[in-house]
Amino acid sequence: MKTRPAGIGNVNADWMASLPSKLSAMPLKHLAVPGSHDSFTFWVDVHAPVGPDQKVYVKYLATMFSVLAKKVMVKWSMTQNLTFREQLDAGIRYFDLRVSSKPGEAGHEIYFIHGLFGHKVRDGLLEISSFLTRHRKEVVFLDFNHYYAMEEEHHGYLINMLQDVFGTKLCNNCAVESVTLDFLWEKKYQVIVFYHHPSGQGIPVMWPGTKIPAPWANTTEPNKLIQFLETTLKARAKQGSFHVTQAILTPTPNTVTKGLLWGLRSYLVERNLPTIMSWVETQKPGVDGVNIITSDFVDLTDFANIVIKLNNLLMTERDRR
């Protein structure tokens, strides 16, 4: 029987529903929300061609050394171990999504992608929708921020798919300051979709990417990451947007070469996660504080619990009586 890592299970499946009324009345931009980076990479297809998001030399190596190259790519493409359902049960409410068509494939099917192709996007969306149907007070952020090999008809297909799968669960684009859990519950909204492409303009349920900035440190060093996160938090916009704190390290080609056979998790994430999580534990949500925080391999620590519990800092002693 597979043992779940610490902090993973359905203990946080209804954490939003369980928040005190003071917090459900606060704008969501002031609450701490756990998210996952490259949320869909728990499974990638080693039999499909290398994705169009990869550089030419990577595609060449994958062609020349097909099986071996892809096995190495899996170790560096996967940033999560948990499925969407498992992430939702654990309390993850923000999903970082990158999508692509398969060049040469007939039709307009869209897949998740990070170096290698993942599941069909529709399958992932249906899994998320099924969870939300069972947990009516939980709300998710779906951030579609990278698109590859997609023409206008692909975008139309994806946008229609989102509307078809989620229907009335989709929240209309509106003032960020007005979005509280109480507001969403009253309207029966459970999904906020951010669509970083002009195709989403003019469609009421597609929020622009400008409303969810996610500054990226692009470093392998935890101390530089923390310095970057603190600087960008201080510069966070006062009005008009949510904010994503990407508590992640990014491998360089040199990093991948040195840790080729170990992979992202063993070579970069595990050894540095304690430093990063120590910083996360010292944060506070609210005005000028953290909002959405993302991590790689959210099951390696008690990540979701740690982030969710930061919301207790918004409660005074009187509130707790």
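How far is the sulfur of cysteine 171 from the closest cysteine sulfur, and in which residue does that closest sulfur lie? The views below come from a predicted model.

**View 1. Cysteine 171 and cysteine 174.** The closest cysteine sulfur to that of cysteine 171 belongs to cysteine 174, at 4.7 Å, which is too far for a bond. A disulfide needs the two sulfur atoms within 2.5 Å. Cysteine 174 is likewise in no disulfide, its nearest cysteine sulfur being that of cysteine 171. Across the whole structure, a search finds zero disulfides. Cysteine 171 is buried, and its relative accessible area is 0%.

**View 2. Helices α5 and α6.** Helix α5 covers residues 121–134 and helix α6 covers residues 152–166; their axes come within 10 Å and cross at roughly 25 degrees. The angle makes α5 roughly parallel to α6, since angles under 35 degrees count as such. The crossing of the two helices is right-handed. On the α5 side, the contact is made by Val121, Arg122, Leu125, Leu126, Ile128, Ser129 and Leu132. On the α6 side, Tyr157, Leu158, Met161, Leu162, Asp164, Val165 and Phe166 take part. The residues of this contact comprise 11 nonpolar, one polar and two charged.

**View 3. Valine 244 in strand β8.** Valine 244 lies in strand β8, which spans residues 244–246. Valine 244 is buried, with a relative accessible area of 1%. Leaving aside neighbours within four places in sequence, valine 244 is in contact with Tyr94, Ile212, Pro213, Ala214, Pro215, Ile292 and Thr294. Tyrosine 94 is 150 residues from valine 244 along the chain, and the C-alpha atoms of the two are separated by 9.2 Å.

How values were computed. Residues are numbered from 1 along each chain as its sequence is written. This is a predicted model: local features need pLDDT of at least 70, side-chain atom pairs count only at pLDDT 80 or more; totals for chains, interfaces and linings use all residues. Side-chain values use heavy atoms; hydrogens and water are left out. Axes are lines fitted to C-alpha atoms, for helices over the stretch in contact, and angles run from 0 to 180 degrees between N-to-C directions. Helices (H or I, at least four residues) and strands (E, at least two) are DSSP runs, numbered from the N terminus. Angles under 35 degrees count as roughly parallel, over 145 as roughly antiparallel, 65 to 115 as roughly perpendicular and the rest as oblique. A crossing is left-handed if the near helix is turned anticlockwise from the far one by less than a right angle, and right-handed if clockwise. Contact means heavy atoms within 4.5 Å. Ala, Val, Leu, Ile, Met, Phe, Trp, Tyr, Cys and Pro count as nonpolar, Asp, Glu, Lys and Arg as charged, and the others, Gly among them, as polar. Buried means under 20% relative accessible area, exposed over 50%, partly exposed in between (1.4 Å probe, protein chains only).
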